[in-house]
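Here is my note on the model, point by point. Please read it with the structure open.

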Amino acid sequence: MTRGVLDGQVAVITGGSRGIGLAIGQAYRAAGAHVVLAARKADGLAEARSELLGVAAAGEVHTVVANAGEPEQAQRCVDEAMERFGRLDVLVNNAATNPYHGELIGLDPSRAEKTVRVNQYGMIAWTRCAWHAWMAEHGGAVVNIASVGGLIVDPHIGYYNATKAAMLHLTRQLAYELGPAARVNAIAPGLVKTELARAVWEVREPILTEKLPLRRLGTPEDVANAALFLASDASSWMTGQTLVLDGGALALPIGVEG
Ligand SMILES: NC(=O)c1ccc[n+]([C@@H]2O[C@H](COP(=O)([O-])OP(=O)(O)OC[C@H]3O[C@@H](n4cnc5c(N)ncnc54)[C@H](OP(=O)(O)O)[C@@H]3O)[C@@H](O)[C@H]2O)c1
């Protein structure tokens, strides 16, 4: 059903070497797109590229070593995408960092600054590059990977969640500022089985899922399916919105923990 919906388009995906970003790369390529994967480590990107090219699809795969929190590296990545493919239709702001666990009272300035720089300012810096390079003139779609944590209070990762809440607001703000040329939407995933969250789900999966309406944690492919919808014309009248994918966790009655 989704084959060909991104035929000939080009997508840049930050944090594209594993987990949710890699699954989005797989879905976009299967839908006909050329993909540009950005991450900090070259070896992870090389593995990701081989994995994508191992699946038959027409789209090329280009990789760029770039930190999502460094605006000049965002510019270099977008420049490379434009040089290689001549267009940039979809930007997925997926990379995030979470350097601090604990109560806000103990948060130090350096980890606070890093969290904002990568998660919150990063999405603006990358969007600006994509906008000037292609989207202002030709249109496009921006997909921001936030978190259901941006909608709730958590005892351990409150500051990371605050940057995710900011992403949801900035998604609406950018939708207002960049329309009608570009659409900007977000996804707020619940707990997804990736490296990032391994310590949370690995030893407690049965407990975490027993009360969830859908009785399972998320997979990177669950998020990729939504990211494909938001990149494609199937969502052409949708901007400034957040899709929550959480197995029903937010639908639980108060007092019932998922
Ligand atoms: N997993 C969950 O339960 C969950 C839930 C809600 C939201 N999310 C969100 O989903 C997104 C993807 O998370 P994930 O679970 O797929 O994580 P993951 O499996 O740990 O993958 C993270 C990816 O981002 C890259 N990365 C990390 N820091 C980066 C930086 N500063 N600049 C560029 N790339 C960076 C990593 O490669 P390098 O290390 O080589 O840079 C890797 O490719 C994040 O925004 C996360 O907040 C995840």
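1. Start with the ligand. A nitrogen atom of the ligand sits 2.7 Å from a polar backbone atom of Ala68. This is a polar contact (a pair of N or O atoms within 3.5 Å; within protein, one must be able to donate a hydrogen and the other to accept it, and residues adjacent in sequence count only if both atoms are side-chain atoms). At Tyr160, a polar side-chain atom is 2.5 Å from an oxygen atom of the ligand. Arg40 brings an N or O atom of its side chain to 2.8 Å from a ligand oxygen. In total, 29 residues surround the ligand. The closest are Ser17, Lys41, Asn94, Tyr160 and Thr194.

2. A word on the basis. The model is predicted: local features need pLDDT of at least 70, side-chain atom pairs count only at pLDDT 80 or more, and totals for chains, interfaces and linings use all residues. Residues are numbered from 1 along each chain as its sequence is written, and side-chain values use heavy atoms, with hydrogens and water left out.

3. Now the sheet. Seven strands form an open sheet in the order E3-E2-E1-E4-E5-E6-E7, and the pairing is parallel. Strands (E, at least two residues) and helices (H or I, at least four) are DSSP runs, numbered from the N terminus. Two strands pair if DSSP finds at least two bridges between them. Strand E3 (61-65) and strand E7 (242-245) are the edge strands, and each pairs on one side only. From one strand to the next, the twist averages 15 degrees.

4. Look at one strand pair. How many bridges join strand E5 to strand E6? Six bridges join E5 (residues 140-145) to E6 (residues 182-189), and the two strands run parallel. Ala141 stands opposite Arg183 in E6.

5. Two helices meet the sheet. Helix H3 (residues 71-85) packs on the sheet and touches strand E1 (10-14), strand E2 (34-39) and E3. Contact means heavy atoms within 4.5 Å. The direction of H3 makes about 155 degrees with that of E3. Helix H5 (residues 158-178) lies across strand E4 (90-93), E5, E6 and E7. H5 runs at about 165 degrees to E6. Axes are lines fitted to C-alpha atoms, for helices over the stretch in contact, and angles run from 0 to 180 degrees between N-to-C directions.

6. Val90 is found in strand E4. Val90 counts as buried because its relative accessible area is 1%. Buried means under 20% relative accessible area, exposed over 50%, and partly exposed in between (1.4 Å probe, protein chains only). Beyond four places in sequence, the contacts of Val90 include Val10, Val12, Tyr28, Met135 and Ala141. Thr163 lies in helix H5 and is buried at 1% relative accessibility. Leaving aside neighbours within four places in sequence, Thr163 is in contact with Thr115, Val116, Asn119 and Gln120. His62 belongs to strand E3 and is buried at 14%. Not counting residues up to four places away in sequence, His62 touches Val35, Val36, Leu37, Glu80, Arg84 and Phe85.

7. Next, charges. Side chains of opposite charge can pair when their charged atoms come close. The count comes to 10 salt bridges, taking a side-chain nitrogen of Lys or Arg within 4 Å of a carboxyl oxygen of Asp or Glu. Arg84 and Glu60 form one of them, at 3.1 Å from N to O. This pair links distant parts of the chain: Arg84 is in helix H3, Glu60 in the loop between helix H2 (42-53) and E3, 24 residues apart. Arg84 is partly exposed at 40%, and Glu60 is partly exposed at 36%.

8. Two further pairs deserve a look. Glu205 and Lys193 form a salt bridge, with the closest N and O atoms 3.0 Å apart. Glu205 is in helix H7 (residues 205-209) and Lys193 in the loop between E6 and helix H6 (198-201), so the pair ties together parts 12 residues apart in sequence. The side chains of Arg198 and Glu202 meet at 2.6 Å, N to O. Arg198 is partly exposed at 28%, as is Glu202 at 45%. Salt bridges that share partners also join Glu70, Glu113 and Arg117 into one network.

Notes: Near = heavy atom within 4 Å.
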